[in-house]
Structure formats: structure tokens, C-alpha cells
Amino acid sequence: MRTFNQRVSTSNIVLCAAPLLAKRLVKNFPGSLDGAPAILPVSEMALRRQLEHWFDSHRVSPRIVAEVEDTALLTDLGAQGLGFVPVYSAVLDEIARSSRLQTIGIARGLRMEIFGITAQRRLQHPGVVAMSVKSR
């Protein structure tokens, strides 16, 4: 079967934390991340490699307290105040509402791309088309 990869959306990477930690880390961001507790994706994930490069470029070395594969677990640990976490801006409102995480800052230059794999050359599903138009 012939398939087509089509970019549907992009999302910024936002660093968030529970309110007490966020209040402390928002000052002097991103320098405030140096030595700060962090809950990050496992090293095999592309986001983790991007974050490490971003940390290096800003000369900060967070203290990694947990490495997880599951986004829900990452968010939950962050909500418990154990460390700051990366969140995709596309779901930031929902994450903030459900877990009360607060934004520390945006990891400028880091983006996640969301692709759809279709059998048609053009996107046809109304929901996917709406997402694609919204992200432009």
C-alpha cells in the first residue's frame, strides 16, 4: 500500500512545574534550571535528546530525579512537585487544568511535529484538516 506522511501540526515545548517550584524557577529562566529537579523522558526518546542539547546551549544542568516513558506519569510526578517537566504546547491548557502545573518558560527553538500517515495524497478527514489549518 502506498502511504503519504503529512505534517498535521507543530507544538512548542513548554517547561512546567507545580506552583511552589514554578514560582522559584520562573525567575531568571532558563538559568534557574541549573541544579533544579527535573523529570524527563528516557534518553531513547527524541524529546530527551533535544532537551539535553537545549540545556547545553543554555549552560544549565538540571538534576534529573526521574526518567519516564509515559507522559501521564511524567505529568503526575511534576504535579506532585518532584521536578519540572516538559509539556507540548498543544496540550498545555488541558495539562494545566487537570494537574495545575504552571509554566516556567518556553524552550525556544524546540518543536515537536505531528504527522499523519494517509493512503491519500491530500488530507481528507475533517478533524485532521481542522488540526492542520489551526496549526498554520
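**Entry 1: Ser11**

I started at Ser11, which lies in strand β1, residues 4-17. I note here that the model is predicted. Next I looked up what its side chain reaches. A polar atom of the Ser11 side chain lies 2.9 Å from the backbone nitrogen of Ser89. The side chain of Ser11 also reaches the backbone nitrogen of Ala90, at 3.0 Å.

**Entry 2: the whole chain**

I then stepped back to the chain. I found five helices and five strands. Along the sequence they follow the pattern β-α-β-α-β-α-β-α-β-α. The chain has 136 residues, and buried residues make up 40% of them.

**Entry 3: β2 and β3**

I turned to strand β2, residues 37-41, and checked how covered it is. Five of its five residues are buried. I looked for its link to strand β3, residues 63-68, and found five bridges, with the two strands running parallel. One residue I followed across was Pro41, whose bridge partner in β3 is Val68. To get from β2 to β3, the chain passes through helix α2, residues 46-57, in a right-handed β-α-β crossover.

I went back to the loop between α1 (19-25) and β2, where Pro30 lies. The peptide bond from Phe29 to Pro30 is cis, and its omega is near 5°. Asn28 is found in the loop between α1 and β2 as well. I noted that Asn28 is not a glycine, yet has a positive phi of about 65°. Asn28 is exposed, with a relative accessible area of 62%.

**Entry 4: Arg100**

I looked up another positive phi, in Arg100, where the value is near 65° and the residue is again other than glycine. Arg100 sits in the loop between α4 (92-99) and β5 (102-118).

Last, I looked at the second largest pocket, which holds about 180 Å³ of space. Which residues lie nearest its centre? I listed Leu47, Thr71, Leu74, Pro86 and Tyr88, out of 14 lining residues. Helix α3 (71-79) and strand β4 (85-88) each supply at least two residues of this lining. I sorted the lining by type and wrote down ten nonpolar, two polar and two charged residues.

Notes. Residues numbered from 1 in each chain as written. Predicted model: local features only at pLDDT ≥ 70, side-chain atom pairs only at ≥ 80, totals over all residues. Heavy atoms only, no water. 1 Å grid on protein atoms, 1.4 Å probe; cavity = no way out; pocket = protein on both sides within 12 Å on 5 of 7 lines; lining within 4 Å. Points joined across faces, edges and corners; volume = space filled by probe spheres on them. Helix = DSSP H or I, 4+ residues; strand = E, 2+ residues; numbered from the N terminus. Nonpolar A, V, L, I, M, F, W, Y, C, P; charged D, E, K, R; others polar. Buried < 20%, exposed > 50% of the residue type's maximum accessible area, 1.4 Å probe, protein only. Pairing = 2+ DSSP bridges. Right-handed = clockwise from strand over helix to strand, strands pointing away. Polar contact = N/O pair within 3.5 Å; in protein donor to acceptor, adjacent residues only side chain to side chain.
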